[in-house]
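Please take a moment to look over the model shown below before reading on. The paragraphs that follow lead through it step by step.

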Amino acid sequence: MKHDIMVTRSSMPPLEEYIEKIQPLWESHWLTNMGKYHQEFEEQLKEYLGTSYLSLMVNGHMSLELALQAMNFPEGGEVITTPFTFISTTHAIIRNRLVPVFCDIKLEDYTIDEAKIEALITEKTVAILPVHVYGNICEVEKIEEIAEKYNLKVIYDAAHAFGEKKDAIGVGNFGDASVFSFHATKVFHTIEGGAVTFSDPKLYKRLYDLKNFGIHSEEVIAQVGANAKMNEFSAAMGLCNLPYIGRNIEERKKRVEYYKEQLSSIEGLVLPRLEKENIEYSYGYFAVLFCPEILGEGMRDRIYEELHKIQVYARKYFYPITSDAACFRNKYKKDALENARYAGENILVLPLYPELPYEVIDEICSVIEKNCGKMK
């Protein structure tokens, strides 16, 4: 391997396009505070995602943290969520002085097990925070039924599902709010950035206040807020990247299909199931589960180390699961999260990005085949 192969690589627009886009900033000197590009990008994103309302943020984490804060939940309220996600999801709950209640996942798609949600609801429950994992969209209709039955809010972490649709409906339309991350590693990025989509127009004003110090005018600060505004350079990157998103998703899809052709005959591998006809996928991740029952304990870690030897840096998403993070000091160790822990201990996310050379995929698959051996 001539170069390090990371699990992903940021998609970049042609340099000259970005330079042309940001050149006016040297004339206006308007670099932040909801400038021209911020407003333009917000409108284009709403159109692309097919959502009524959208608020741009500095990153995905602040998008989630402020979306939760905007709901005005009482301190100590319980939020039912999944432990099989990036730690940001859990931190956003706790930093709002809310209590995460962890629900196990389904092994067929790694999303929250909606059949186990009701048993976790108490008089303190205020919301459900599911996560669309690896581009697998949660069972949104069933979750909505539960939320309506118990008068709960639903906030989706959609960081893995940008641009996806279910039954021709953009993923950002489900629940009371959906949150996206535009981090440099995502299918679509603005270097750093994020957004909240929602249908209640009242939420736009609340989010605006929260991300801009609660400032209403030069002399009026109406409430306590944070600073979570997207700057003009990030908005410009988003405007330059958006025209290429369709092509990039198509290139990702081709590489997902190539991986599957190479690996489908190896016994003990569970490959991504991205084949539902009513779902439009963005192909952000290629997550492989190495079944310990067939391949033996520790095969995932073995493949991880073998790939490192050839400078391929796959990732253990998500290990440990968030409930078992060191910062919680074993507080949730006894929670019944068998599926989530099983997935966390045995899944490896392989490199995937639009320009990933097919010969690199061949090398990765060769390492897996040599170590896993058995053919179906």
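**Confidence, sheet and helices**

This is a predicted model, and within the protein chain the confidence is lowest in α7, with a mean of 96, and highest in strand β5 (residues 125–129), with 99. For the protein chain the mean pLDDT is 97, and 99% of its residues reach 70 or more.

Turning to the strands, seven of them form an open sheet, whose order is β2-β10-β9-β6-β5-β3-β4 and whose pairing is mixed. At the edges stand β2 (53–57) and β4 (99–102), each of which has a single partner strand, so one side of each is left without a neighbour in the sheet. On average, neighbouring strands of this sheet are turned by 25° against each other, if direction is ignored. Within the sheet, β5 and strand β6 (residues 153–157) run parallel and are joined by two bridges, and A127 stands opposite K153 in β6.

Helices lie against this sheet as well. Helix α3 (residues 36–49) lies across β2, β9 (177–181) and β10 (194–198), and runs at about 130° to β2, while α4 packs on the sheet by touching β2, β5, β6, β9 and β10, its direction making about 160° with that of β9.

Finally, helix α4 (residues 60–70) also meets helix α7 (residues 201–211), for their axes come within 10 Å and cross at roughly 125°. The two helices α4 and α7 are therefore oblique to each other, and their crossing is right-handed. On the α4 side the contact is made by L66, A67, Q69 and A70, and on the α7 side by L203, R206, L207, L210 and K211; sorted by class, the contact of α4 with α7 has six nonpolar, one polar and two charged residues.

Notes
Residues numbered from 1 in each chain as written. Predicted model: local features only at pLDDT ≥ 70, side-chain atom pairs only at ≥ 80, totals over all residues. Heavy atoms only, no water. Axes fitted to C-alpha atoms, helices over the stretch in contact; angles between N-to-C directions. Helix = DSSP H or I, 4+ residues; strand = E, 2+ residues; numbered from the N terminus. Parallel < 35°, antiparallel > 145°, perpendicular 65-115°, else oblique. Left-handed = near helix turned anticlockwise from the far one by under 90°. Contact = heavy atoms within 4.5 Å. Nonpolar A, V, L, I, M, F, W, Y, C, P; charged D, E, K, R; others polar. pLDDT = per-residue confidence, 0-100. Pairing = 2+ DSSP bridges.
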